[in-house]
Amino acid sequence: MLKADSRDPAAWPRLLLTLLAIALLWPGIQLSELDLGVLLPDSQNEMGRFVAQFWPPAHDEAFLQLLLKATLQTLAIATAGMALALLLAIPAGLLASRALSLSAASHGGVPSRLGCLLRWPVRGLLIFLRSVPEIVWALLFVRAVGLGPAAGVLAIAITYSGMLGKVYAEIFESTDQRPAHALLQAGSGRLAAFAYGTLPNVASELLSYTVYRWECAIRASVVMGFVGAGGLGQQIDLSIRMFAGGEVASILLCFLVLVLAADQLSRLLRWRLT
Amino acid sequence: MNRLINLLLIAGIALAVIASFVYLGLDLGELGSATSLRQMGAYVQRFLSPDLSADYLRAIFHGSLETLAMSALGTLLAAVFGIVLALPAAGRFGWPLQSASRLLLNALRAIPELVWAALMVLAAGLGPNAGTLALALHTTGVLGRLFAEALENTPPQPAEAIRLQGGNPLLAFCYGTLPNLAPQLLAYILYRWENNIRMASVLGFVGAGGLGQMLYVSLSLFQEAQASTVILAMLVLVFVVDWLSAWSRQRWVKA
């Protein structure tokens, strides 16, 4: 007969692991000055009053017009930024990818040392472009070209060209290499080999990734407004500074609607064009 | 017909691109002109000599630790709140609670971290506490949803067996459901922590502590040498985190 045993054999190791984790995190609590009390209602009158203003959201006509303008600006920043990013990302992706390597075509897919060496500067540039966060680029460009949407467009163009270029290069490499290699070995130019050997296989993947990135660019352009790069973010920042709770609420609602609409639009584009 | 619709869509996209350049009034010719390029070159040049004095490096180190602490505590809080909200969101306590908690999770997740940080700076004042809370709130939404999905997909049989043997629901959850679920939860938490380290380094732009605040302050004071050190520190932080996560994933997860 089995005997009922209420002892948990793994209790001690778990307890020790928990204690170790707490000991490691304890200095973190001091460093981050953690205080959950501020989240409780009316711990501070100022915050309570601010949140109470959220309902009803601001809806007078002048503000709605301002909101429409900011929304259009956000959309335009994302679209223009993506267009500029593509200008840089497509050539960089082609240069960085091993898919069009002549030496790889005749050596079973392994490019020569020299080819790898020559591709490294482009790869390094792409890594640099995408590893500085877009909001840091936006902050730098606000200092360089002034407040306004131009800084946002340039920041999106730079970060997203790094991401798109890298992903494009990888997509070119991940597909079947044989059509392009056959064309290259038959003496066609690299661009022709790309257009007729690689592109037909990867077009739908490229398109859906690009549309997805456009969606991300909309969210990013909202966030970049906080450092002064125009659009909805700048409007939220202003309203928060003026303690206008109703305005913050309606901008947030507008942001949610924008994100949902972009999601639907990108679904439609992917369904139609792929 | 299909081709016509696709052509119309492509024309629409081209039109949207042109319209957005016109709407923003961007003058790319002026941006690319010799004088503005020279100005930008001069601006870039001031970043080329980062401030590497020992005092400043110590400050940077402290800032990086603050960023790490913010992200770790924010993720931990989010994991706790996430599991608390995921239980009702997975339909364990009836549908009214399920839809309420789903709504709450979606709302938390839809607002970006930076907006939460700007709101929390109002509530908690300037400093890393605001950043920690902002990360915790947004990540709660993300993790809660992921946890709820994991809970729904986990096999119910072990917990049912314990219930049939007379164990109470809490025991059934702890010893029937959790052991199956734990590796997945841990993987989600680590993944979000990685994201949050990157996010924590820029939350400071709205005054929420860490490296971001140092960057914002030094750029506002036109101290480009210090600013470029902070940017380098951010890059190092991101690379180390990327490398660590790739290494640990290869070492521990693949097996």
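The model is predicted, so local features need pLDDT of at least 70 and side-chain atom pairs count only at pLDDT 80 or more, while totals for chains, interfaces and linings use all residues. Residues are numbered from 1 along each chain as its sequence is written, with chains lettered from A and ligands numbered from 1 in the order in which they are written.

I start with the interface. Chain B puts 44 residues in contact with 45 residues of chain A; contact means C-beta atoms, placed from the backbone, within 7 Å. On the chain B side, α1(B) gives the largest share, 9 residues. Helices here are DSSP runs of H or I, at least four residues, numbered from the N terminus. By type, that side has 37 nonpolar, 5 polar and 2 charged residues. Nonpolar covers Ala, Val, Leu, Ile, Met, Phe, Trp, Tyr, Cys and Pro; charged covers Asp, Glu, Lys and Arg; the others, Gly among them, are polar.

Next, the helix pair. The axes of α7(B) and α9(B) come within 10 Å and cross at roughly 155°; axes are lines fitted to C-alpha atoms over the stretch in contact, and angles run from 0 to 180 degrees between N-to-C directions. The two helices are therefore roughly antiparallel, the word used for angles over 145 degrees. Their contact includes Leu146(B) of α7(B) and Tyr188(B) of α9(B). Its residues divide into 15 nonpolar, 4 polar and 1 charged.

Last, chain A. Helix α3(A), residues 61–96, has 36 residues and reaches 51 Å from its first C-alpha to its last.

Definitions and conventions
Contact = placed C-beta atoms within 7 Å. Parallel < 35°, antiparallel > 145°, perpendicular 65-115°, else oblique. Expected span 1.5 Å × (residues − 1).
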